[in-house]
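Dear colleague,

Please find the structure below, with its sequence.

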Amino acid sequence: MGRLARSATLNDLYTALALTVRDRVLKQGVRTLETYTAQDARVVAYLSAEFLPGPHLANNMLNLGIMDQTRQAMASLGVDLDALLEQEEEPGLGNGGLGRLASCYLDSLASVEIPAIGYGIRYEFGIFDQIIRDGWQVEITDKWLRYGNPWEIMRPELTFEVPFGGRTEKWTDFDGRQRVRWVPETVVKGVAYDTPILGYRVGTCNRMRLWKAEAVESFDFAAFNHGDYYRAVKDKIVSENITKVLYPNDEHFEGKELRLEQQFFFVSCSLQDMIRVHLRLGRPLDQFHSRWAAQLNDTHPAIAIAELMRLLMDEYSLGWDAAWEVTRNTFAYTNHTLLPEALETWPLSMFGRLLPRHLEIIYGINHRLLEQVRARFPHDESRVRRMSLIDESGQRCVRMANLAAVGSHRVNGVAQLHSDILKRRVMCDFADLWPQKFCNITNGVTPRRFIALSNPPLAQLLTDRIGEGWLTDLDRLRKLETFAEDPEFQQQWRGVKHTAKNKLTGLIEQRTGVGVNPESLFDIQAKRIHEYKRQHLNVLHILTLYLQLKDNSQADMPARTFIFGGKAAPGYFLAKLIIKLINAVADLVNNDPDVSGRLKVVFFPDYNVKNAQPVYPAADLSEQISLAGKEASGTGNMKFSLNGAVTIGTLDGANVEIRQEVGEDNFFLFGLTAEMARNLKECGHRPRNFYEDDANLRRVLDFMASGDLAGGDKRLFRPLVENLLESDPFLVLADYQEYVECQAQVSRLWWDQRAWTRTSILNVARMGKFSSDRSIREYCRHVWRVEPMHVGMEAIEAYAQSEQSAE
């Protein structure tokens, strides 16, 4: 870093160590590229508008196998390695589960030795940092790049031009073929930034390539000379806005337009890059799909289907049929949502103004699709309207999920229940037409980050008891079943959990000022704040317990600490009001001497990958209480269970499969099924009936509305109470009674610590299915048709030998 040791800052020390570790990683990156090129590999291109990789330094040291050596080396220099790890800024390039799943998959792609590259956007400002002020969420700019990023390598020579707006023109080429050229209004430049993604104890080092938008010409010297200083830099400012911030608020037209610009920008850069590599290796473009498998991570990159068609036809002269054959065999689509509002659509007028050529191509795809539908399902115009890529029912819109389904050779859901609902309801028409397209691949998480890094004491205990190898073969955890009732092992297990709870207790006091009892039951709900995830159902239970204790301070219930974490979208009023409600309940409960030592409520701020790592190991109870049929999968449920938390949840998303794996007796189940929830709504759901019929529920809701939680202000929480009583779209009141009864079962099991510990052990032992390594292997077999490719590890072995020689 060019600094004297005595004047080096903590960031200097962190950066120096990061660059030292990066050298070792990049040795393998070069070797990986050499191997892929020599063996003519088929490569997976994972297209995602979001990535949440978490901090890189510890992960790379773990994967290189140099964690202990690095700690010793830092100690010999008088440097605290933990302080350096804490210094690292987290790249907040996603909103939540979607981005974290993408990063788990990049980790697993490298760890199971699959040739791959992740493509995304280098947002200058990621998801906001969250602070809590007077109980409300306040969003602070995430300046994750303010000290630079030692893990990325800028590729200034690797740039592509991306057009927007303008018009199209027809022309005839020398062969007499009708062609189309796009005459854009503006052009921006995409610059590549690469981050190496090293596999665990293997030679493979793939890359995450993120694109930054820049102006083609960043400074207009003529305008400057004429004194027009703004116009001199206007193109630079406008162009760089595209990758300035993660997901602008799209409540306004300008926000929607910028989101579409972001999505098109990154897929265009990515596809141009893939074509560049393909041609450089001397491959014909009509065989593009034989060397590339492109995965669309939800609908955000779906415009790639029209863009690849444009590039193949307009830039490289393929005919429509040849281009379509390549396109539909290149792409596969993962659907991540059952919420209709999350299936992206774009107003036709805006889409046509920004991407006129792509709208023409979509019209062409739609024409051929609807001809096929009418031939297969004659006289079924309602089906034709549902399947059309253009929604004509109100404001005309382009349906991106429909485009993704038509232009992909495979469509998958991310949990068995989700995939079933996808085929039966959300995309049933497409499943009728192409049943062979649809499959399920249940999500998974990487145990390297979410056990080995998050919970080293548990990782060590597992290794001591079942040996090495479980981090890459999670099914080996089954061996723990032998020890589930062993008193000595149970004591060790409780010791590991207590260590994690003590650590989180310290962080909670440091960040919130709230002191909690690590001996209490840690009941945790940490996820994005959204009505369908039903944090307010959890709050209703807390208030139920609180009022019971106010009636009878000797009531038989164990001490509980309720911990919440998660961010609400800045424009989502009710979600932000739920955060205020949680904090209002916390103020009430934590300051009431009548319940002191019995109940505590904490909102743990700024929940992200880095801050989640101490949360998962500390949980006793994992709250997975979304309305059945609304959560596609969830991965937080897996992370909590992998760390020994017992789940209370509905039959929603991957909860169904977790319960099947861990056993019905080791999962606290409550609530309506997806089918029951649907039937209740169809039969004229009247939520006020539950209020009128249940005295406890009525008392809790009246208490919320009374103003006692808001310093006498009866208006503050009225929108939440009225929402529950008048519409209750996510059936909170319908599930309330069963939830409260199920929580009583939790309390009874907690009193029996031997039985609880046995349940905790069995949860970990039976979670082998939920490794992201298993998910990736299923994608390779059923979707991508890609085989592992071994990369030599001589570079790593040479470092190990040199370190031994130095010792």
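**Strands, helices and aromatic pairs**

Strand 6 (residues 167-172) and strand 7 are joined by six bridges and pair in the antiparallel sense. Here two strands pair if DSSP finds at least two bridges between them; helices (H or I, at least four residues) and strands (E, at least two) are DSSP runs, numbered from the N terminus. This is a predicted model, in which local features need pLDDT of at least 70 and side-chain atom pairs count only at pLDDT 80 or more, while totals for chains, interfaces and linings use all residues. Residues are numbered from 1 along each chain as its sequence is written, and side-chain values use heavy atoms, with hydrogens and water left out.

A search of the whole structure finds 18 aromatic pairs (rings of Phe, Tyr and Trp, the last by its six-membered ring, with centres within 6.5 Å; planes under 30 degrees apart count as stacked, over 60 as edge-to-face and the rest as tilted). In one of them, Trp-182 and Phe-264, the ring centres are 6.2 Å apart and the planes stand at 55 degrees, so the pair is tilted. Because Trp-182 belongs to strand 7 (residues 178-183) and Phe-264 to helix 8 (residues 253-280), the pair ties together parts that are 82 residues apart in sequence.

Turning to the sheets, nine strands form an open sheet with mixed pairing, in the order 5-8-9-2-1-10-11-15-16. Strand 5 (153-164) and strand 16 (438-440) are its edge strands, each pairing on one side only. On average, neighbouring strands of this sheet are turned by 25 degrees against each other, direction ignored. Strand 1 (residues 43-47) pairs with strand 2 (residues 116-121) in the parallel sense over four bridges, and Leu-47 stands opposite Tyr-119 in strand 2. Helix 11 (residues 320-330) packs on the sheet, where it touches strand 10 (292-297) and strand 11 (331-334), and its direction makes about 40 degrees with that of strand 11. Contact means heavy atoms within 4.5 Å; axes are lines fitted to C-alpha atoms, for helices over the stretch in contact, and angles run from 0 to 180 degrees between N-to-C directions.

A further open sheet has three strands in the order 12-14-13, with antiparallel pairing. Its edge strands are strand 12 (345-347) and strand 13 (390-391). Two bridges join strand 13 to strand 14 (residues 397-399), and Ile-390 stands opposite Val-398 in strand 14.

Finally, two helix pairs deserve mention. The axes of helix 10 (residues 304-315) and helix 13 (residues 356-376) come within 9 Å and cross at roughly 100 degrees. These two helices are therefore roughly perpendicular to each other (angles of 65 to 115 degrees; under 35 counts as roughly parallel, over 145 as roughly antiparallel and the rest as oblique). Among the contact residues are Met-309 and Met-313 of helix 10 and Ile-361 and Ile-365 of helix 13. The contact divides into seven nonpolar, one polar and four charged residues (Ala, Val, Leu, Ile, Met, Phe, Trp, Tyr, Cys and Pro count as nonpolar, Asp, Glu, Lys and Arg as charged, and the others, Gly among them, as polar).

For helix 22 (residues 573-590) and helix 30 (residues 718-726), the axes come within 10 Å and cross at roughly 115 degrees. Phe-573, Leu-574, Leu-577, Ile-578 and Leu-581 in helix 22 meet Pro-719, Leu-720 and Asn-723 in helix 30. These residues comprise seven nonpolar, one polar and no charged.
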